[in-house]
Amino acid sequence: MISYARQTQEEQPEAPSPVEEHIAPAPRVSVQAFCETVETAAAVQSAGEDRRLGKAHLKIQMGGMAAAIEAYRSAPTPNVIVLESDARNDLLTGLDQLATVCDAGTRVVVIGRINDVMLYRELVRRGVSDYVLGPVGAIDVVRSICNLFSAPEAKAVGRIVAVVGAKGGVGASTVSHNVAWAIARDLAMDAVVADLDLAFGTAGLDYNQDPPQGIADAVFSPDRVDTAFIDRLLSKCTDHLSLLAAPATLDRVYDFGTDAFDSVFDTLRATMPCIVLDIPHQWSGWTKRALIGADDILIVAAPDLANLRNTKNLFDLLKAARPNDRPPLYCLNQVGIPKRPEIAATEFAKAIESQPVVSIPFEPQIFGAAANNGQMIAEISANHKSIEMFLQIAQRLTGRSETKKQKSSLLSPLIDKLRGK
């Protein structure tokens, strides 16, 4: 019988926008869709190009229920079958026939246009995993397939935030580390910073950590990667912030395949609410995969022509590769260097067709002191104006507001004294 696994189904630049519904990526599964209309086939095809179905193998055929029954008379069924059917009686009769040729464990998603609770209950009774009311869009198909493999009792997987510089030396690592600090301290989210610049990473220096192990141990031992192994590699920075440090040594060459970090990211998703990826400024198969696979992306750029070109190129590529996600965010950094000609934020926004989240001023003294002391800006100067900017970025990336602090009243001193006694 068909197994039962039922699951439920332009932002404004000046205000934090809500984060889109979080859909966990699907594992490596085979999916075959049998469509009746070209519109549904196009939606399923588009869904197959979504990053969350990147590991799934999707095949599409026309012909609906009849084609599915005929196909599986002499062939094994995949992990998931997607069926489009508009006729109630033909649907139920067809499901009964399909059950006779369907392998145990195969999950069935039905796309139909009949909005009837009695039909839905009958489909559930027959073991259908999900019923999606048409017409469907790509994200409806993505949601349905991915939710089949999310346990009902499981908490939502962690969000991956990728931070990358539009050009080398623009301070993307500094921004990512301070934003992660704001996520952990001000938003009270458990977060981990993964320093992916294995040869020259600075996260260990910025957080004043020198762990004996880090992300290199995981990348070079993919067979050992699991929750317990990753936990041993994490270095505790604060109560809510941990670090997966880069070795920052040159005793080996760090050439990686496209999927080298997949097991690390998947394990972090299962244990951490927020993962901040500090991605080095390079273009390779794995950096592209990390960016496209992230839930949200922040590009850090300086206000010059090369940064503008690179930011535009990144924006265009990532928007095309992630059509069902919100566009990347970007911020301007090192704004106002004396005597340096700069491109104004308004011109940047016109070319990118998006406003920067913030424009961080050039403050070499405080940023240099923080870097040399292994501290965050908030630790150097609690009231510095850039701290609020890092918090704004953190709120935009996570969709969260600042944790409210309890207000003190006129009686607070007296209550504190009584508690002391």
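The model is predicted.

Helix α3 covers residues 88-101, 14 residues in total. From its first C-alpha to its last it reaches 21 Å, close to the 20 Å expected at 1.5 Å a residue. An α-helix has 3.6 residues a turn, so residues three or four places apart point the same way. The buried residues of α3 are Leu91, Leu92, Gly94, Leu95, Leu98, Ala99 and Val101.

Two packed helices are described by the angle between their axes and the distance between the axes. For α3 and α4, the angle is about 10 degrees and the axes lie 11 Å apart. Because angles under 35 degrees count as roughly parallel, α3 is described as roughly parallel to α4. On the α3 side the contact involves Arg88, Leu91, Leu92 and Leu95, which meet Met118, Leu119, Glu122 and Leu123 in α4. By class, this contact has 6 nonpolar residues, 2 charged residues and no polar ones.

The serine is Ser386, in helix α16 (residues 385-398). Is Ser386 buried or exposed? Its relative accessible area is 1%, so Ser386 is buried. The side chain of Ser386 makes a polar contact of 2.8 Å with the side chain of His384. Apart from neighbours within four places in sequence, Ser386 is in contact with Ile360, Phe367 and Ile377.

Definitions and conventions:
Residues numbered from 1 in each chain as written. Predicted model: local features only at pLDDT ≥ 70, side-chain atom pairs only at ≥ 80, totals over all residues. Heavy atoms only, no water. Helix = DSSP H or I, 4+ residues; strand = E, 2+ residues; numbered from the N terminus. Expected span 1.5 Å × (residues − 1). Buried < 20%, exposed > 50% of the residue type's maximum accessible area, 1.4 Å probe, protein only. Axes fitted to C-alpha atoms, helices over the stretch in contact; angles between N-to-C directions. Parallel < 35°, antiparallel > 145°, perpendicular 65-115°, else oblique. Contact = heavy atoms within 4.5 Å. Nonpolar A, V, L, I, M, F, W, Y, C, P; charged D, E, K, R; others polar. Polar contact = N/O pair within 3.5 Å; in protein donor to acceptor, adjacent residues only side chain to side chain.
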